[in-house]
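Trainee: Could you go through this structure with me? I'd like to talk about its aromatic rings and its surface.

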Amino acid sequence: MKQTTRPPDHRPAVHRNGAALAAPPPARSRKRRRPASTLGVPPGGAWGRAAWGFLTPVTLYLALFYAYPLYRNIDLSLRNYTVRSFVQGDAPFTGLANYRTVFDNPTFAPALLHTALFTAVCLVFQYAIGLALAVFFNQHFRLSATLRALFLVPWLLPLIVSASTWSWMLNTDSGIVNAALHALGIGPVNWLTSPSWSLTSVIIANIWIGVPFNLVVLYSGLQSIPAGLYEAAALDGAGAWRRFWSITFPLLRPVSAITLLLGLVYTLKVFDIIWIMTKGGPADSSTTFATWSYQLGFGNLLPAFGPGAAVGNLLVVAALVFGLVYVRVQRKQALS
């Protein structure tokens, strides 16, 4: 006959007199893991296919619109391209000759100085004004949201509209700025046609355009600071300036760092405003690397594609260096 096994009985054993005996505890069963599919993660190869499905569009975008243009720009800077060779693709390899041409050009030193001044002054004033406005609007007074929205107008306007508006305002003969100066008894200023004022004019216009970005980012950073810190500092007798330097400014450092980095990358490549207002003149007095690269590559009857690409690569290297410095600083702060 076929034997059948009965499942173990875990009920307590009973004596003949009815008293219960303590039965040994059942053996612990290992907790079985739930399959990956029940946790919302596709099992096995499905997870890899899903990951590549999400990564493919981003990878293609970066390759087509970042990696390939950068490769082409580096290739342009290492060859002697003319209009004919640019079309036919048979430009001879020249190595670093285009970079030597750029460094030996008399425009290099002024353009480097103007780029540094333009970037540094714009960053300082954009950040300072944006931070002051962010602290001001953080008080949540009446019409705060409406005024904050109005301050976003310069950021939302197309750059060609903003630059054209500033060109009209700073016009020597019919500009509203000189009209206001005349009302105050001050003579007209050649904002756009004087070598002494052209760089200042484009700096003022770019500061006006960049302040709203700093305001938005810094204001969002202020919202993440707990209000209890300010209340505790006020109970300890700290004034407004003391609370700002001891609470607001230190806690805004991460947000400030990314704001300055993004502002730096944007300001290094500013071209539209300078080109529309002054075209880098007069006498290269407002020429930066961005406008000089365009002039070399497209602003002459005989374009110098190689030197123009070399100047553009210098801007890329500068932005990359500052980006690596930012990453290194952030890593040190995370480890400390």
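Mentor: Let us begin with a term: helices (H or I, at least four residues) and strands (E, at least two) are DSSP runs, numbered from the N terminus. This is a predicted model, in which local features need pLDDT of at least 70 and side-chain atom pairs count only at pLDDT 80 or more, while totals for chains, interfaces and linings use all residues. Residues are numbered from 1 along each chain as its sequence is written, and side-chain values use heavy atoms, with hydrogens and water left out.

Trainee: Where do Tyr 61 and Phe 65 lie?

Mentor: Both are in helix H1 (residues 45–77), four residues apart, which is about one turn of the helix.

Trainee: And how many aromatic pairs are there?

Mentor: Rings of Phe, Tyr and Trp (its six-membered ring) pair if their centres lie within 6.5 Å, and planes under 30 degrees apart count as stacked, over 60 as edge-to-face and the rest as tilted. By this rule there are 23 aromatic pairs. Tyr 61 and Phe 65 make a tilted one, with 5.2 Å from centre to centre and 40 degrees between the planes.

Trainee: Is Phe 65 buried or exposed?

Mentor: Buried means under 20% relative accessible area, exposed over 50%, and partly exposed in between (1.4 Å probe, protein chains only). Phe 65 counts as exposed because its relative accessibility is 54%, whereas Tyr 61, at 44%, counts as partly exposed.

Trainee: Switching topic, which helix is Val 153 in?

Mentor: Val 153 belongs to helix H6 (residues 153–156), and at 37% relative accessibility it counts as partly exposed.
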